[in-house]
Amino acid sequence: MYLHAGQDFLINTGDIIGVFDLDTATDAGQKPKITDEFLRRAEQEGAVVDISGNMPKSFVVTDFPETTVYITQISTSTLRARAAKFDIGG
């Protein structure tokens, strides 16, 4: 199945490692420092695809064909609802 991640962009749900809110994942504290470093490294390695248009709200990490970070303007709750809509098990 595929998840519409914004800007007419689809991501294979089988490739998704996680979906993260940009505000809470990069806010003050220890774990956000790790997240900031992860995002900085991904950017340096050319593994970031910005499909947000203008106001990024979340990012999706995938593992195909290698680790890729998709920055999107869609909130994590909307992405979750879209994924749940097609969840056969739930």
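Predicted model: local features only at pLDDT ≥ 70, side-chain atom pairs only at ≥ 80, totals over all residues.

Me: Is D15 buried or exposed, and what is the nearest side chain of opposite charge?

Reply: D15 is buried, yet it has no salt bridge. The nearest side chain of opposite charge is R82, 17 Å away.

Me: Which residues does D15 touch, then, leaving out those up to four places away in sequence?

Reply: With those left out, D15 touches V61, T62, D63 and F64.

Me: Changing topic: which residues make up the largest nonpolar core?

Reply: Nine residues form it: L22, A25, L39, A42, A47, F59, V61, V69 and I71.

Me: Which elements give two or more residues to this core?

Reply: Those elements are the helices and strands labelled α1 (22–25), α2 (30–44), β5 (58–62) and β6 (68–72). As a general point, nonpolar side chains tend to be buried together in soluble globular proteins.

Me: Take V69. What does it touch, not counting residues up to four places away in sequence?

Reply: On that basis, V69 touches F38, L39, A42, A47, V48, V49, F59, V60 and V61. Of these, L39, A42, A47, F59 and V61 belong to the largest nonpolar core, as does V69 itself.

Me: What other core lies apart from it?

Reply: Another core, of eight residues, lies apart from the largest one; I11, V60, I74 and L79 are among its members.

Me: On to the rings. How many aromatic pairs does a search of the whole structure find?

Reply: The search finds two. One of them is F9 with Y70, whose ring centres are 5.1 Å apart. Their planes stand at 45°, so this pair is tilted.

Me: Which strands hold F9 and Y70?

Reply: F9 is in β2 and Y70 is in β6, so the pair ties together parts 61 residues apart in sequence. F9 is partly exposed, at 27% relative accessible area, whereas Y70 counts as buried at 12%.

Me: And the rings of F20 and F59: how are they arranged?

Reply: Their centres are 5.1 Å apart and their planes are at 25°; because planes under 30 degrees apart count as stacked, this pair is stacked. It links distant parts of the chain, with F20 in strand β3 and F59 in strand β5, 39 residues apart.

Me: Which is buried there, and which is partly exposed?

Reply: F59 is buried, with a relative accessible area of 3%. F20 counts as partly exposed, at 35%. F59 is also a member of the largest nonpolar core.

Note on methods:
Residues numbered from 1 in each chain as written. Heavy atoms only, no water. Core = buried A, V, L, I, M, F, W, Y, C linked by side-chain atoms within 4.5 Å. Buried < 20%, exposed > 50% of the residue type's maximum accessible area, 1.4 Å probe, protein only. Helix = DSSP H or I, 4+ residues; strand = E, 2+ residues; numbered from the N terminus. Contact = heavy atoms within 4.5 Å. Lys, Arg positive; Asp, Glu negative; His and termini not counted. Salt bridge = Lys/Arg side-chain N within 4 Å of Asp/Glu carboxyl O. Phe/Tyr/Trp six-rings, centres within 6.5 Å; stacked < 30°, edge-to-face > 60°.
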